[in-house]
Amino acid sequence: MKKYLLNFLIAGAAFLMIGIPIWAHHGNASYDNDNPITIKGAVTEFAWTNPHAQIYLDVKDDKGGVVHWSVETYSPGKLVRAGWAKDSVKAGDQVSITLIPAKSGAPVGFLHKLVLPDGKVLGLQELEN
Amino acid sequence: MRNRIVTITWIATLAAIPALPALIHAQMPSQQSPAAKSNVSAPADPHDLSGMWEFFANIPGQGIYATPSKDHPPMTPWAKAKYDEAKPGYGPKAQGGGNDPILKCNPTGIPRILFFPQPFEVFQTPERVFMFFERDHAWRQIWTDGRSHPKDLEPTWMGDSIGKWEGDIFVVDTVGFNDKSWLDFYGDPHSEDMHLIERYKRVDRNTMSLQLIVEDPKAYTSTWVGDTKSYKLLTGKKAYMEELFCIPEEEDAFTNRIRMPAVGQSPK
């Protein structure tokens, strides 16, 4: 029975992992689609421009230093349909961003999800049904 | 017995994979408004494609075929040379940086603009079907008054389109393309001889399907028949399109601030 349970868990994990490539099309070849990470920091700029909106933020590292991250996301029109607004994010906001990072190791990424200081989550889901 | 249970578990898991996107949507019932629910079941005129339609990038396939290497017809030497020069950001040849013509704000062109995650609105008149694209703020017209393609067409990015209904399928026939746009996100070329067929069907109120057929003997040695794309109707507050022009300064700024740093290169 134990072995059955283990196999069931492995199968379940495989099932969940297969979901990851669904995100793959949000980024391009520059990003590591399979290994999203979450960073937390203070927003320095929210650029509401095409072709992709951008969020810049300062993230403290383990050694007390600050790393300046550049994060791209969808075009403003798509963000509006997903519930964002031009002033959803402001300089100084402490935010948490889940992103796929650049394969190069540079502090650049493609946003999947942002959590505002009040806990509100902004994602990329546009469809209601 | 134990092995049978394990086998059945694996089979059930693998069998569920194609249904995954639907399952994920099904896990979000809290986001579904009562209006959206009623729209799903309401009938739609199959000969009315009007509405704002969006191709969702999480439904794979930013090309004629979802998987760029699948059912790809052999290229002629002319097309192979162009393909070898292409440095796309997506697909089998994906690389950072690159020379995608849209990075210089060249028009996206037909059919590639149909594969973008930005929506387009279909507007029908007795003589024409219009498509207005959020991407590039572009538009095209498809003549439905029975006319033929003009002779001696000047090559254009969108081509010359005529359309007619075959049962519940709206068939769009386009020729007169220039060869400056890529066919898809993956760097596949096409020539001025391309003959493109688009087959649209309103599957239900909220869904429109599209199949593309590419005949381009100068570029491909056989006809390229695409898979079935799916577009979803944007309703209520979601039925919104912004003014999305490609602005060279904004593209350059984005390249300098994001694209180049992402691949470890210094801004220009």
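Which residues of the largest nonpolar core touch the most other members? In this predicted model, local features need pLDDT of at least 70 and side-chain atom pairs count only at pLDDT 80 or more, whereas totals for chains, interfaces and linings use all residues. Residues are numbered from 1 along each chain as its sequence is written, and chains are lettered from A and ligands numbered from 1 in the order in which they are written.

The largest nonpolar core holds 40 residues, and W53(B), I113(B), L210(B) and V214(B) touch the most other members. A nonpolar core is a set of buried Ala, Val, Leu, Ile, Met, Phe, Trp, Tyr and Cys residues joined through C-beta atoms within 7 Å; a residue is buried if 20 or more other C-beta atoms, placed from the backbone, lie within 10 Å of its own. At least two core residues come from each of several strands of chain B, including β1 (51-55), β7 (195-204) and β8 (207-215). Strands are DSSP runs of E, at least two residues long, and helices are runs of H or I of at least four, both numbered from the N terminus. Another core, of 27 residues, lies apart from this one and includes W69(A) and F254(B).

In chain B, 9 strands close into a barrel in the order β1-β2-β3-β4-β5-β6-β7-β8-β9, with mixed pairing. Two strands pair if DSSP finds at least two bridges between them. Strands β4 (residues 139-143) and β5 (residues 160-166) of chain B pair in the parallel sense over 2 bridges, and W143(B) stands opposite I162(B) in β5(B).

Chain A contains 3 helices and 6 strands, arranged along the sequence as α-α-β-β-β-α-β-β-β. Of its 129 residues, 34% are buried.

Note on methods
A residue is buried if 20 or more other C-beta atoms lie within 10 Å of its own, exposed if 12 or fewer, and partly exposed in between; C-beta atoms are placed from the backbone.
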